[in-house]
Structure formats: structure tokens, C-alpha cells
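Open the model in your viewer and keep the sequence panel beside it. This tour goes stop by stop: select, look, move on.

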Amino acid sequence: QVQLVESGGGLVQAGGSLRLSCAASGNIFSIEAADWYRQAPGKQRELVASITSGGSTNYADSVKGRFTISRDNAKNRVYLQMNSLKPDDTAVYYCNAVVKVGSYTYSYWGQGTQVTVSS
């Protein structure tokens, strides 16, 4: 059974920082690619940042220059460093990862972690 577990969310003042972590556990070989999404109340889930198996990254325009996605292959973890946070960044943040299990790859979602930015 493969699980993705996010952590690191919380309440922070505008201008502050948080670091989210997404840990993959279970009988996996590696995380291939991963994304961070977020969903604010009453809004659709949106893609925030992506990282490929080769380490290439991509960001939503709204977070460019403030957020950084990274990975630790040895620990099967993906991170999202969030700096200069704004109230508009308030949302539940979800990790989505393509995980290699044996000879196959599967996509998994974490349960989400709440980020609240106060003004």
C-alpha cells in the first residue's frame, strides 16, 4: 500500500514562510514526477508547482519567484518551500506524485495540508 503524506502546513502571517513536505511510503522504488496543487474555499484545485524525474521545475505565475519545489530521491520526499506568503496563498495544499512500484508507475494523491496566511 503506497501512501503520500503531506506535512508542514499551518498558520503564518503575510510575508512569512512555510516548507511543505510530501513523503511517499510503502513498497515503492522511486518518485518519478510530482506536483503540488492547492484548493482554496469555493475555488477549483490549481496546479502550483511541478518537478520532473530529471529535476526540471515549473510554476504557476502566481507563485513564481516565491515558491520552490525540490526533491530528495534518497528519502522519497518532495518539498515546497513557500516564501513571501500572501493571504491569497491560503488553501489546502495537495501533493500528487507518479510513483514507480516494481515495473509500473501509478499516480497517488496525499490527504492535503492546510496553509493559512493572515494579513
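**Stop 1: a loop residue**

Select S103. It sits in the loop that links strand 9 (91–101) to strand 10 (104–109). Strands here are DSSP runs of E with at least two residues, and helices are runs of H or I with at least four; both are numbered from the N terminus.

Before going on, note that this is a predicted model, where local features need pLDDT of at least 70, side-chain atom pairs count only at pLDDT 80 or more, and totals for chains, interfaces and linings use all residues. Residues are numbered from 1 along each chain as its sequence is written, and side-chain values use heavy atoms, with hydrogens and water left out.

Is S103 buried or exposed? It counts as exposed, at 68% relative accessibility. The scale is this: buried is under 20% relative accessible area, exposed is over 50%, and partly exposed is in between, with a 1.4 Å probe and protein chains only.

S103 and I69 are 34 residues apart in sequence, and their C-alpha atoms are 26 Å apart in space.

**Stop 2**

Two strands count as paired if DSSP finds at least two bridges between them. Strands of a sheet pair through backbone hydrogen bonds, either parallel or antiparallel.

Look at two of the pairings:

- Strand 3 (residues 18–25) and strand 8 pair in the antiparallel sense over six bridges. Pick L20 there: its bridge partner in strand 8 is L80.
- Strand 7 and strand 8 (residues 77–82) are antiparallel too, over six bridges. Pick T68 and find Q81 of strand 8 opposite.

**Stop 2: two turns of the backbone**

Stay with strand 7 and strand 8. They form a hairpin with four residues between them. Select N76, in the loop between these strands. Its phi is near 55°, a positive value in a residue other than glycine. N76 is buried, with a relative accessible area of 15%.

Next, select S84, in the loop between strand 8 and strand 9. Here phi is near 50°, again positive in a residue other than glycine. S84 counts as partly exposed, at 40% relative accessibility.

**Stop 3: salt bridges**

Show side chains. A salt bridge here is a side-chain nitrogen of Lys or Arg within 4 Å of a carboxyl oxygen of Asp or Glu. How many salt bridges are there? The count comes to four.

Select R38 and E46. Their closest N and O atoms are 2.6 Å apart. R38 is buried at 6% relative accessibility, whereas E46 is partly exposed at 33%.

R38 lies in strand 4 (residues 30–39) and D89 in the loop between strand 8 and strand 9, so the pair ties together parts that are 51 residues apart in sequence. Both R38 and D89 are buried.

Move to K64 and D61. Their side chains meet at 3.2 Å, N to O. K64 is partly exposed at 48%, and D61 is exposed at 65%. Finally, select R38, E46, R66 and D89 together: salt bridges that share partners join them into one network.

**Stop 4: the largest pocket**

Select R38, A40, K43, E46 and D88. These lie nearest the centre of the largest pocket, which is lined by 13 residues. Its volume is about 180 Å³.

A pocket is an open set of points on a 1 Å grid over the protein atoms alone, with protein on both sides within 12 Å along at least five of seven lines; lining residues have an atom within 4 Å of a point. Grid points are joined across faces, edges and corners, and the volume is the space filled by probe spheres set on the points.

What is the lining made of? It divides into two nonpolar, four polar and seven charged residues. Charged means Asp, Glu, Lys and Arg; nonpolar means Ala, Val, Leu, Ile, Met, Phe, Trp, Tyr, Cys and Pro; the others, Gly among them, are polar.

Note on methods. 1 Å grid on protein atoms, 1.4 Å probe; cavity = no way out; pocket = protein on both sides within 12 Å on 5 of 7 lines; lining within 4 Å.
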